[in-house]
Structures are given as C-alpha cells and as structure tokens.
Amino acid sequence: CSKSVEVMASTTSPFVEALHAKYIASLASKTSSFEHVATEHLRMSGVYWGLSAMALMGREHEMGTDEIVEWVLSCQDRESGGFAGNVGHDAHSELLLPLRLHVHLTNSLALTYVCPPR
C-alpha cells in the first residue's frame, strides 16, 4: 500500500491555473464534440460549474458573462416561467439552484427580475 502512495505522490503535477482556465473557457466553442451533444440537456448546470471554477480562480470575467446571461434568459419557458437545461428543452424545477447561482456569479441585473432577492 505504501508503494502506491509513493507512486501517486511522485506523479502529481502542480496546478497550472492558466491551462485550467483556458480549457474551461474553450468548452463553449467545442459544439460539434460528442460530449457537447450528449450533454446538451445538462448545459445550465455545466455552465454553472464552469463559471464557478473560473470564479474560484478569479477569472470569471473570461467567461463572457453577457453571453451567459443572454443564453440563460433564452432558456426560460415564457409560458410556465420555468427554466430548461438548454434552449428548446422542458423547464424543470431542479434548475432553480444553478440559475440563482448564475445570478450571483454574473452579478447580473438582467437576471434579477427572474430570481428577485428575498
């Protein structure tokens, strides 16, 4: 068991923030990948996780928050008022938490009418 710990310790690399940020930011442009298509219904949560990771690194400004706000608003079902995981999908209440966190992370006044502060 101690040998595997030694191997793991010797193979870990230092955290390279710039590379992580570049990868996260690049995901928006990889629209023809299998992963992008297969997870389109999870996009709202995925954008939240990407935006959160960038915010932890102090790089949320690199995510294009205006475009994120515009996209989030386009996911709203005008009839029910709910939000879908992506444009053209059905609204679902499980997306309210990521939506409220998008408002917080983007500091968006455009989204505050959708999720007013209590």
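Trainee: Among contacts in the protein chain between residues at least 6 apart in sequence, what percentage join residues at least 24 apart?
Mentor: The model is a predicted one. Contacts between residues at least 6 apart in sequence are taken as the reference set, and those joining residues at least 24 apart are then expressed as a share of that set. For the protein chain, this share is 59%.

Trainee: Which pattern of elements does the protein chain follow along its sequence?
Mentor: The protein chain has zero strands, and its helices number seven. Read along the sequence, the pattern is therefore written with helix symbols, given that helices and strands are numbered from the N terminus. That pattern is α-α-α-α-α-α-α.

Trainee: What share of the 118 residues in the protein chain is buried?
Mentor: A residue counts as buried when its relative accessible area is under 20%. In the protein chain, with its 118 residues, the buried share is 31%.
The surface can be described as well: the protein chain exposes about 8,300 Å², and the part of this supplied by carbon and sulfur atoms is 60%.

Trainee: Which element gives the largest share of the largest nonpolar core?
Mentor: This core has 17 residues, and those touching the most other members are M44, M54, M63, I68, W71, V72 and F83. Two or more residues come from each of α2 (17-26), α4 (43-56), α5 (65-74) and α6 (96-106). The largest share is five residues, and the element that gives it is α4.

Trainee: Which element gives the most residues to the lining of the largest pocket?
Mentor: The largest pocket has a volume of about 690 Å³. Of its 24 lining residues, L27, A28, R43, G46 and V47 are the closest to its centre. Two or more lining residues come from each of α2, α3 (34-38), α4 and α5. With five residues, the element that gives the most is α4.

Trainee: What is the relative accessible area of V87?
Mentor: V87 lies in the loop between α5 and α6. Not counting residues up to four places away in sequence, V87 touches W71, S74 and C75. The C-alpha atoms of V87 and D77, ten residues apart along the chain, are separated by 9.0 Å. V87 is partly exposed, with a relative accessible area of 46%.

Trainee: Which distance separates the C-alpha atoms of E60 and T106?
Mentor: E60 is found in the loop between α4 and α5, and this residue is partly exposed, with a relative accessible area of 28%. Not counting residues up to four places away in sequence, E60 touches L51, M54, A55 and T65. Along the chain, E60 and T106 are 46 residues apart. The separation of their C-alpha atoms is 8.0 Å.

Conventions. Residues are numbered from 1 along each chain as its sequence is written. This is a predicted model: local features need pLDDT of at least 70, side-chain atom pairs count only at pLDDT 80 or more; totals for chains, interfaces and linings use all residues. Side-chain values use heavy atoms; hydrogens and water are left out. A nonpolar core is a set of buried Ala, Val, Leu, Ile, Met, Phe, Trp, Tyr and Cys residues joined through side-chain atoms within 4.5 Å. Buried means under 20% relative accessible area, exposed over 50%, partly exposed in between (1.4 Å probe, protein chains only). Helices (H or I, at least four residues) and strands (E, at least two) are DSSP runs, numbered from the N terminus. Contact means heavy atoms within 4.5 Å. Accessible areas come from the Shrake-Rupley method with a 1.4 Å probe; for residues, only the protein chains shown count as cover. On a 1 Å grid over the protein atoms alone, a cavity is a set of points where a 1.4 Å probe fits but cannot get out, and a pocket is an open set with protein on both sides within 12 Å along at least five of seven lines; lining residues have an atom within 4 Å of a point. Grid points are joined across faces, edges and corners, and a volume is the space filled by probe spheres set on the points.
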